[in-house]
Amino acid sequence: MLRVGVNGYGTIGKRVADAVAAQPDMEVAGVAKTTPNFEAEAAHRRGYPVHAAREDRRDAFDDAGVPVAGDLDDLVVESDIVVDCTPAGIGAENRAVYERHDTPALYQGGEDADVADASFNARANYDEVAASDAEHVRVVSCNTTGLSRVLAPLDEQYGVEKARATLVRRGGDPSQPDRGPINDILPDPVTVPSHHGPDVNTVLPDLAVDTMGVTVPATLMHLHSVNVTLETEAEAAAVAETLTDESRVFLVPGDARVAGPAHLKEYAQDAGRPRGDLWENCVWAESIAVEGRDLYFFQAIHQESDVVPENVDAIRAVCTDTEAAESVVETNRALGVGFGESEETRRVAADGEGATASADD
Ligand SMILES: NC(=O)C1=CN([C@@H]2O[C@H](COP(=O)(O)OP(=O)(O)OC[C@H]3O[C@@H](n4cnc5c(N)ncnc54)[C@H](OP(=O)(O)O)[C@@H]3O)[C@@H](O)[C@H]2O)C=CC1
Ligand SMILES: O=C(OP(=O)(O)O)[C@H](O)COP(=O)(O)O
């Protein structure tokens, strides 16, 4: 059993902890945060040992009646790997703590790429990261994850001459009342390209991609308008087939009459998904169009959850000998990723494979 510590228990951290707890080869060693708020109480109720991330905050936990299992050092010692889910910039400060204990760590996409020895997306570069023996790995951000999951298979199947995407970014998460805008539409960043294209190149280095960002008064999901000039001509139906075969792409059927992210979130909640999470890219099947070698489509990205299965796979890539396909299938199975069965799932099931818990160390 891999013992996984989660440092930072907010939007991403709480989901990563639950996803780790769902895996047959992993358990949650504990979680850490600085404030004994409702989320700390929820972590305690879920049975996760709660750690005070800063020694000077320990009294606050005692005063609030939230039992404290230890400090950050204790959590790192207890863990085979730590998933750092602290706010952007704090992960970089924490790397020294993980190094001091010689404990591998994952970081999130809010950190600069140079926080880690490698950036990770399971569909784009699991094998390279696993082979590199990198012990400090950054899981790319939600938007970059969403782009990488579609651009990797399109590049393999048809070749990508040039990808362009306009990212309509949600202003903040539903749990962030202090975010905005509340009545505006912001070029964000106003400079072009946005950081997302270069970030895709941290996991798909040879792919030509430019991105622009716009932030809007919405909290539910990001929405991407994607245009890809392919190297070979393809029918829209063939592209749809290619994307259907991806286990972390949900091709939203036209007859579902899903108008936008509000319907997608309702779809997930009706399906009984925890927190209404949508771990998959949601590509509108009807939007897939091809003019010559130019492909167009819309996809929605659930920023709170799409990186969660990627973190689970990154744990296996860093700590075990598990192959990419095995890990993805195991992660998907344990979480319930996929509204239908992908080709990848069918193939691995037919081969009788399953993720192993064989830790290297
Ligand atoms: N939300 C999103 O849409 C996405 C976020 N990311 C990235 O994931 C990372 C985390 O983001 P997100 O989950 O949204 O952030 P949140 O603000 O929701 O959660 C951060 C958590 O870290 C805790 N925290 C703050 N300071 C410290 C500290 N010094 N040590 C330990 N814990 C601390 C906070 O609680 P407390 O204050 O009690 O300590 C909170 O639990 C960022 O890099 C972000 O860019 C990536 C993809 C999508
Ligand atoms: O990593 C994210 O977005 P990004 O891919 O646009 O950088 C998350 O949605 C967090 O974004 P935020 O920095 O607006 O909270």
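**Entry: conventions.** I note that this is a predicted model, in which local features need pLDDT of at least 70, side-chain atom pairs count only at pLDDT 80 or more, and totals for chains, interfaces and linings use all residues. Residues are numbered from 1 along each chain as its sequence is written, chains are lettered from A and ligands numbered from 1 in the order in which they are written, and side-chain values use heavy atoms, with hydrogens and water left out.

**Entry: ligand 1.** I listed 22 residues around ligand 1, of which the closest are Tyr 9, Lys 33, Thr 34, Thr 35 and Asp 173; a residue is near a molecule if one of its heavy atoms lies within 4 Å of it. I then looked up the polar contacts (pairs of N or O atoms within 3.5 Å). A polar backbone atom of Gly 110 is 3.2 Å from an oxygen atom of ligand 1, and a nitrogen atom of ligand 1 has a polar side-chain atom of Asp 173 at 2.7 Å. On its own, ligand 1 has 880 Å² of accessible area, and the protein covers 82% of this (Shrake-Rupley method, 1.4 Å probe). Helix α1 (11-22) and strand β2 (26-33) each give two or more residues to this shell; helices are DSSP runs of H or I with at least four residues, and strands are runs of E with at least two. Ligand 1 lies between domain 1 (2-140 + 306-351) and domain 2 (142-301), because both give residues to its shell.

**Entry: annotated positions.** I found that the unreviewed UniProt entry annotates Thr 11, Ile 12, Gly 110, Arg 170 and Gln 303 as "binding site". Ile 12 is in helix α1, and its contacts (heavy atoms within 4.5 Å) include Cys 85 and Gln 303, not counting residues up to four places away in sequence. I located Gly 110 in the loop between β6 (105-107) and β7 (118-120).

**Entry: ligand 2.** Among the residues around ligand 2 I recorded Ser 141, Arg 170, His 195 and Gln 303. Oxygen atoms of ligand 2 are 2.5 Å from a side-chain N or O atom of Ser 141, 3.1 Å from a polar side-chain atom of Arg 170 and 2.9 Å from a side-chain N or O atom of His 195. The protein covers 72% of the 390 Å² of accessible area that ligand 2 has on its own. I noted α7 (142-158) and β9 (160-170) as the elements that give two or more residues to its shell.

How values were computed:
Polar contact = N/O pair within 3.5 Å; in protein donor to acceptor, adjacent residues only side chain to side chain. Domains from an automatic or database assignment. UniProt positions renumbered as here; feature names shortened; annotations may be inferred.
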